[in-house]
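Hello,

Please find the structure below, handed over for your own work. My notes on it follow.

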Amino acid sequence: MEKNNLNSLFDDLKNQFDIETPQNNHEQRFLDKLKSNEIASTEVKKISRFNWKPFLAIAASIIICLGLFTTLQNEPEDLDLASVSPEMSETQDFFTVTIENELKKLNKERSPLTEQIITDALVQIQLLEKDYKKLKTDLTESGKNQRVIYAMISNFQNRIDILNTVLEQIETIKELKTNTNEPKNTI
């Protein structure tokens, strides 16, 4: 039955087959067309293979630089008491001026007798200043937390207390020196 189907198919298509002989140079014309199509497709491939990598690398670098620039610009500085309120600004100014004045007094009292006590006091002051810098960072991160504000005020007070204590000790040393150098009256 399959043979009959095939035969009937060929019988139906009998007059539709192209049985003519091709013209001369047919093969050469066919090869020329193939070559021209290959050249055209190669040019299309070259055009479509445009190398985007260098441009993408440059664009990525620019985006990263802009991101870093805006991040660094928007990074807030550490807050201090003055940034909390006008009253805290006045408080900070008061403490700063008082500490500066006490340090001036302390430096005027330098002598071989007081050198060690003054040096120790300045080391303690420097430690408190480092703590204050940490507190400024904490204030920034905490969003002006009251406990941090109180700790900052306490830090200022501790510095003033140290300076006052040292000045009192220096006065005591000076009095002792004066009393020791005075001749004793015997009756």
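**Salt bridges and helix packing**

There are five salt bridges in the model, a salt bridge being a side-chain nitrogen of Lys or Arg within 4 Å of a carboxyl oxygen of Asp or Glu. This is a predicted model, in which local features need pLDDT of at least 70 and side-chain atom pairs count only at pLDDT 80 or more, while totals for chains, interfaces and linings use all residues. Residues are numbered from 1 along each chain as its sequence is written, and side-chain values use heavy atoms, with hydrogens and water left out.

One of the salt bridges joins the side chains of E115 and R110, at 2.6 Å from N to O. E115 is partly exposed, with a relative accessible area of 34%, and R110 is also listed as partly exposed, at 34%. The classes are buried for under 20% relative accessible area, exposed for over 50%, and partly exposed in between (1.4 Å probe, protein chains only).

E171 and K174 form another salt bridge, at 3.6 Å from N to O. Both residues lie in helix α6, three residues apart, or about one turn of the helix. E171 has a relative accessible area of 36% and is partly exposed; K174, at 35%, is partly exposed as well. A network of salt bridges links E109, E171 and K174.

E129 pairs with R159, where the closest N and O atoms are 3.9 Å apart. E129 is partly exposed at 33% relative accessibility, whereas R159 is buried at 6%.

As for the two helices themselves, packed helices are described by the angle between their axes and the distance between the axes. The axes of α5 (residues 115–142) and α6 (residues 146–181) come within 9 Å and cross at roughly 170°. α5 and α6 are therefore roughly antiparallel (angles over 145 degrees, on a scale from 0 to 180 between N-to-C directions). The residues of their contact divide into 17 nonpolar, five polar and five charged.

Finally, L6, L9, F10 and L13 make up a nonpolar surface patch, with about 360 Å² of accessible area together. Patch residues have over 30% relative accessible area and no salt bridge, with nonpolar side chains joined within 5 Å; accessible areas come from the Shrake-Rupley method with a 1.4 Å probe. F10 is in helix α1 (residues 2–13). Helices are DSSP runs (H or I) of at least four residues, numbered from the N terminus.

Regards

Technical notes:
Helix = DSSP H or I, 4+ residues; strand = E, 2+ residues; numbered from the N terminus. Parallel < 35°, antiparallel > 145°, perpendicular 65-115°, else oblique. Nonpolar A, V, L, I, M, F, W, Y, C, P; charged D, E, K, R; others polar. Patch = residues over 30% accessible without salt bridge, like charges linked within 9 Å, V, L, I, M, F, W, Y side chains within 5 Å.
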